[in-house]
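Colleague: Hello! Could you help me learn to read a protein model, one feature at a time?

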Amino acid sequence: MKVDALKKSFTKDIKGAQDVKSLEAVRIKYLGRKDGQLTKILKSLKNLSVVQRRKIGPEANALRQEIEKALNERLGIFVVKQQHLDIDVTLPGKKIPIGHLHILTQLENEVRDIFSRLNFSVVEGPEVETEYYNFDALNIQSGHPARDMWDTFWLNQPVVVPTTDNDKKLLRTHTSPMQIRFMEKHKPPFQIIVPGRVFRYEATDASHEINFHQIEGLMVGNGVNLANFKYVIETFLRQLFGADIEIRFRPSYFPFVEPGLEVDIKLSSGQEKLIASRKSEWLEVMGAGMVHPNVFRAVSYDTNKIQGFAFGVGLERLAMIKYKIDDIRLFHSGDLRFINQF
Ligand code: DAH
C-alpha cells in the first residue's frame, strides 16, 4: 500500500538526515507543496471513490502529522546542538551595567536599621504641610522671631478664604511636624523615627541646600529623660561611625524643646576642606532636647505624667562626615562621577 511504503521510506530518510539542510530536503521530498510525495497523495484524494477516500484519507493525514512532528523534533535537536557550539564558555563574562541605590538612600536604610534594632518604629509624613503642623503646634507662633530659623517656601494658597489663619500650605522646613501628627493619633509610650525630605528657602553653598533630608526622632513615655536620650544617640552614632568617634553635647535653643541641645561630631583628617569652611573641627549633626510642655499640650497629653525627647538629624550631614564629602550640592547634582563612587 502506498501510504505504508511512504512511511517506511520516510523513517529511513529522517534517520539519515544529519543536519538542518538535509532535514529540509527530507521535508520537501514528502511535504513539498508541489512535488512532495505525501502532498501528491493528499491532493489526489478528491479523485478517489468514496470508499477509497474513507480509507486512505485518514491514513494519509495521520502520516502527515507524524512526519511534521518528527521533523520538528529533529530540528529542535539540531538547533540546540548548534547553540552549544556557538557558546564559548571560556570567554570572560560581560558585566551588564545596572543602577544602584543613591548614597543617601543607602545611608537612610542604614539609619532605619540601627533604630529598628533599638526598637524604634519608622513612620513617614507629608512634604506639603500646613502652617499649624510646621510651626504653631511646635510652639513657634507667627510673629515670634524663632520663625526666622526656618526660611520657608510658601505655596500658592487656595482662593477660598482659609477657615483658620494657620492652615496655610507650605513645604515642610523640617520633619518635626510629624511629631504632632503622630501624637495626635497615638498614646505613649512609643518611640519613632521619621525620615524625609525637607525644604528651605535659602541661598545654596557648600553646606546649604534648598532641598535636603532629615530624620526626626521622638521617644515619649512616663519618665523618659535626658540620660535615655544620650544613650540612644551615642549608640546610634557609634554604630554608624564606629566606636571611637568623638561626640559633643551642647546647650542650644529650639522652641519645641526645653532644654534644647545640639550634638556635634569631631571631624578627622581628610576633612580639612570641610573644617576650613566651617572654621571648626566640630560639625553639628542634630538638634534635640526634651519635648516642650506646650507641644504636649497641643496634642492634649498630660504634661505631669508624660515626658519625652526629640531630635532631628541631617542625613546629608551624616553622609558628608562618613564619606568625607565637602559639598552638599553634590548629592543632587546627578553627576555620575560622584554617584558611582558609592
Ligand atoms: N527641626 C529642627 C530643624 O530642622 C531640628 C530639631 C531640633 C529637631 C530639635 C528636633 C529637636 O526634634 O528636638 O532645625
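Modeller: Domain bounds come from an automatic or database domain assignment. Here the protein is divided into domain 1 (3-85) and domain 2 (103-339). The C-alpha centres of domain 1 and domain 2 lie 78 Å apart. The model is predicted, so local features need pLDDT of at least 70 and side-chain atom pairs count only at pLDDT 80 or more, while totals for chains, interfaces and linings use all residues. Residues are numbered from 1 along each chain as its sequence is written, and side-chain values use heavy atoms, leaving out hydrogens and water.

Colleague: Thanks! What is the order of the strands in the open sheet?

Modeller: Some terms to begin with: helices (H or I, at least four residues) and strands (E, at least two) are DSSP runs, numbered from the N terminus. Two strands pair if DSSP finds at least two bridges between them. In this structure, an open sheet of seven strands runs in the order 1-4-5-9-8-7-6, and its pairing is mixed. Strand 1 (121-122) and strand 6 (247-252) are the edge strands, each pairing on one side only.

Colleague: And in which sense do strand 6 and strand 7 pair?

Modeller: Strand 6 and strand 7 (residues 257-266) are antiparallel, with six bridges. A hairpin of four residues joins strand 6 to strand 7.

Colleague: Which strands does helix 8 lie across?

Modeller: For contact, we ask for heavy atoms within 4.5 Å. Axes are lines fitted to C-alpha atoms, for helices over the stretch in contact, and angles run from 0 to 180 degrees between N-to-C directions. Helix 8 (residues 226-241) lies across strand 6, strand 7, strand 8 (282-291) and strand 9 (307-314), at about 25° to strand 7.

Colleague: How many residues surround the ligand?

Modeller: A residue is near a molecule or strand if one of its heavy atoms lies within 4 Å of it. There are 16 residues around this ligand, and the closest are His174, Ser176, Arg200, Gln214 and Glu216. Taken alone, the ligand exposes 360 Å², of which the protein buries 93%; accessible areas come from the Shrake-Rupley method with a 1.4 Å probe.
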